[in-house]
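Thank you all for coming; I would like to walk you through one protein model this morning. Please have a look at it on the screen before I start.

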Amino acid sequence: MVAVVFLDSQGGFQRLEWATLDYYLRLSRPEPPETPIVLVTIDQSDLRELGGWPISDRILAETLENLQNGNPAVIGLNLYRDLPVPPSSEALEQLMVTLPNLVGIYKHFGRPTPPPPILARRGLIGFGDVLPDFDGKIRRSLLSHVDEQEGVQLSFAARVSLMYLQRQHNIEARIDPQRGLIQVGQARFTPRRQVESGQGLMVRSGYQVVMTCRGPHQNFQVVSIRDLLANPVPANSLEGNVVLIGGVSDPLNPGFNQPYSYSISDLDYSSLWIHGSFISQILGATLEGQPLLRHVSEGGRLLWTLIWAIGGVVVSSQLLGERRFKRQSRCLRWVVLGGTLVLTGSLPMFLSYLLLQGGWWLPVIAPMMALFLTGLSRATQMLRERQYESDRRLLQFLEALPLGICVLNQDGSVHYTNAMADAILGEVGVPGSRDALRRAASAYISETEQHFPPEKTPASRALEGLPSKGYTLDIELQGDRIPLEMWGTPILDRQGTVTFAVVAFQDISARRQANASQEQATRDLFQVNQDLDRALNMEVQLTDAAARFVPHEFLSFLGYESLVDVKLGEAVAKEMSILFSDIRDFTMLSEKMTLEDNFNFINAYLSRMEPTISENNGFIDKYIGDAIMALFGGGADDAVRAAIAMLDCLTEYNKTRQRPGRPPLRIGIGINTGSLMLGIVGGQHHLDTTVISDAVNLASRIEGLTKIYGTPLLISHDTFLQLEDTNCYMIRLIDRVSVKGKSEKVSVFEVFDADPPDIKHAKLEERTHFEQAVLLYHVQQYAEAKTLFEHCLNKIKHDRPCEIYLERCAQGNKTPWATVDDSINPM
């Protein structure tokens with residue numbers, strides 16, 4: 001910002017500001033042709049016709065006479081005429097004496113050219129000097145200057161303009177010498193200061209104002225001198241106007257550049273046109289109130305530049321402060337920032353153009369330069385701050401790592417080490433480094449005396465551009481061997497060249513000791529596990545062996561998981577079905593076998609019966625010789641299905657006994673359902689499981705009835721009622737018996753699902769007749785009952801229940817033909 005202000009004050013941006021002002025003027029709409037001003041031009045073609053340069057006094061006198069005939073307000077002679085040019089010099093001098101509205105010109109600066117003597121004595125002269133800027137363009141109008149006698153001398157344009165205003169509009173100029181102002185009608189002319197608008201223009205002398213061009217030279221009425229001499233002037237074409245006479249081409253006029261010139265070689269604008277533009281500006285400002293180009297003060301210009309400098313800082317801060325740009329690439333950030341600064345920099349250009357239309361000129365280049373420079377400076381500062389913060393955080397991160405970090409330069413020298421690296425290595429360098437001050441430590445292959453190859457260390461590989469992961473080696477420090485785990489990573493530039501090598505490492509002494517301890521602990525634990533597995537296998541074997549003597553289901557009903565937990569006296573009430581089975585005529589069979597054969601026979605039989613019980617959710621409570629006592633806690637259906645399965649299994653087993661000396665086996669099964677107590681009985685040194693209940697005794701008695709009625713499977717009335725669906729089985733009522741200790745009789749049913757197919761079919765067909773006969777028998781209608789039993793026996797060959805009931809009917813009483821035992825009373 002200071003550099004911009006300094007350059008602005010020294011005119012550093014002067015040419016750029018001039019170019020911008022010229023461009024804005026060309027963009028502005030040209031004003032319409034100025035009717036009060038007429039240019040009488042003299043060019044090369046005119047000179048050829050009139051006899052060359054300089055034109056004679058005669059031609060000039062004729063021109064002035066013709067113009068005066070048109071009654072113009074002012075005639076300005078823009079020709080240096082300090083010496084006569086015969087012929088007819090007297091006629092020209094006479095006109096200079098008599099014409100009241102003729103103004104001559106002279107050159108004051110540089111190589112002076114005196115004015116016409118007669119006009120000088122009359123005070124009707126003005127200097128015609130113009131002040132080109134450093135680029136050769138005319139942008140300033142010199143209204144007056146102070147001569148050696150402290151007298152004020154007016155310029156040619158100012159003299160013509162004031163004469164015109166006085167003669168045509170009776171307007172006098174008022175000068176305020178203290179404030180440096182010239183008030184003419186509505187216009188107030190303020191002289192330029194030494195340094196204005198950032199252009200750094202030094203006012204060499206006189207009273208200067210900035211010229212505002214009306215447009216290209218076609219904006220004035222132009223008449224050539226030949227046409228003026230050849231044709232009479234129309235009566236109203238010149239009346240009340242300002243007429244300027246002058247040359248428009250070499251050698252009469254070298255030509256000038258002005259804001260409408262597009263290049264330095266564009267010298268189409270003569271001094272005649274320049275003075276015409278000066279006069280037009282003075283008349284327009286005085287009579288029409290056209291704005292004069294004004295400039296802000298030194299403080300205002302500084303404030304204007306400062307505002308845009310602050311804008312550059314704000315733009316950079318906002319853009320680079322946005323989170324969405326933090327994750328973008330550096331190139332994209334700079335592109336967005338540059339584009340935004342360019343768009344923002346167009347604002348002072350636009351505002352300056354708008355203010356120019358109102359007559360104010362604000363500098364453009366200095367604010368834009370301030371905007372760009374402060375914006376870029378702020379961006380650079382922010383990026384440096386972020387880079388510094390990033391580096392600071394990286395160093396903090398590296399120092400906080402529990403690893404040793406060593407950064408090597410491209411030549412292998414140490415660039416950086418963190419605190420952990422210094423604590424581990426001390427004054428030596430990592431293996432593979434090439435630092436002159438920190439000698440690399442000696443490296444060995446882990447847990448050996450063999451040297452580690454230097455070219456294969458992580459540091460050497462990283463310097464060659466190769467990464468390394470998890471290298472374990474031992475280093476020797478002050479006579480001690482320290483195991484290290486090392487990693488190496490190369491840092492590459494955009495061309496793929498290694499610039500740094502990062503080596504990370506950690507002391508694994510504690511880990512190695514921990515690994516050794518862990519290995520020993522693992523071996524010890526493995527041995528313990530082996531011992532535990534053997535103990536568990538032994539326990540499983542003992543549990544399986546115990547389960548063979550005490551069913552696990554029995555313990556579950558008592559709420560125990562292991563036989564170890566069993567206590568004397570523990571008991572639980574349970575609704576269960578009890579199954580008793582017994583082999584018929586086992587005593588006779590066993591007498592024919594040796595003791596060993598008896599055991600083999602019993603085991604062969606029981607091993608076939610046990611699965612049928614366990615598969616139907618039951619368990620064997622005890623074996624009583626050849627008899628089986630089984631319990632079913634899931635329901636009566638499980639017990640009935642198990643009994644049918646036992647009979648089917650027996651049928652298959654008998655097929656294997658079709659040899660001499662091995663008669664088919666017959667068994668009887670009785671099932672009852674009721675409440676019972678399961679518990680532990682015994683003494684201090686011997687315990688046993690038992691089931692105590694009348695339901696158990698009744699099940700045993702029902703099994704005994706199978707011998708009397710010659711049926712393999714009988715169930716009690718309670719079991720019959722507990723079945724989910726009796727239609728799923730083939731069941732018929734056999735009898736109602738009295739049980740010892742019970743006042744009510746017990747109904748007994750036969751389940752004949754396991755009978756041979758022909759017998760099963762016959763029993764099913766005659767079931768209704770048989771049960772009707774049983775009812776007739778119990779109501780003592782023996783004759784009718786006998787008839788039905790005979791019918792059933794005729795259909796069911798050798799049906800033992802029918803035979804029993806026929807014998808009873810023949811006896812004419814209700815008691816069985818034989819007593820069962822002491823628990824079942826005769827009927």
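This is a predicted model: local features need pLDDT of at least 70, side-chain atom pairs count only at pLDDT 80 or more; totals for chains, interfaces and linings use all residues.

Let me begin with strand β23, residues 618–624, which runs antiparallel to β24 and is joined to it by 6 bridges; strands here are DSSP runs of E with at least two residues, helices are runs of H or I with at least four, both numbered from the N terminus, and two strands pair if DSSP finds at least two bridges between them. Residues are numbered from 1 along each chain as its sequence is written, and side-chain values use heavy atoms, with hydrogens and water left out.

Coming back to the pair, Ile620 has Ala630 of β24 as its bridge partner, and the two strands form a hairpin with 2 residues between them, where Gly625 in the turn has a positive phi of about 65 degrees.

Is β24 itself buried or exposed? Strand β24, residues 627–632, is largely enclosed by the rest of the structure, because 6 of its 6 residues are buried, buried meaning under 20% relative accessible area, exposed over 50%, and partly exposed in between, with a 1.4 Å probe and protein chains only. In a regular strand the side chains alternate between the two faces of the sheet. In β24 both faces are covered, with Ala627, Met629 and Leu631 buried on one side and Ile628, Ala630 and Phe632 buried on the other.

Val746 is found in β29, residues 745–751, and it counts as buried because its relative accessibility is 11%. Leaving aside neighbours within four places in sequence, Val746 is in contact with Leu698, Asp735, Arg736, Val737 and Val739, where contact means heavy atoms within 4.5 Å. Val746 and Asp718 are 28 residues apart in sequence, and their C-alpha atoms are 8.8 Å apart in space.

Finally, the chain as a whole. The protein chain has 26 helices and 30 strands, and 46% of its 827 residues count as buried. Among contacts with a separation of 6 or more, 66% are accounted for by residues 24 or more positions apart. To sum up the part I started with, β23 and β24 form a hairpin, and β24 is covered on both faces.
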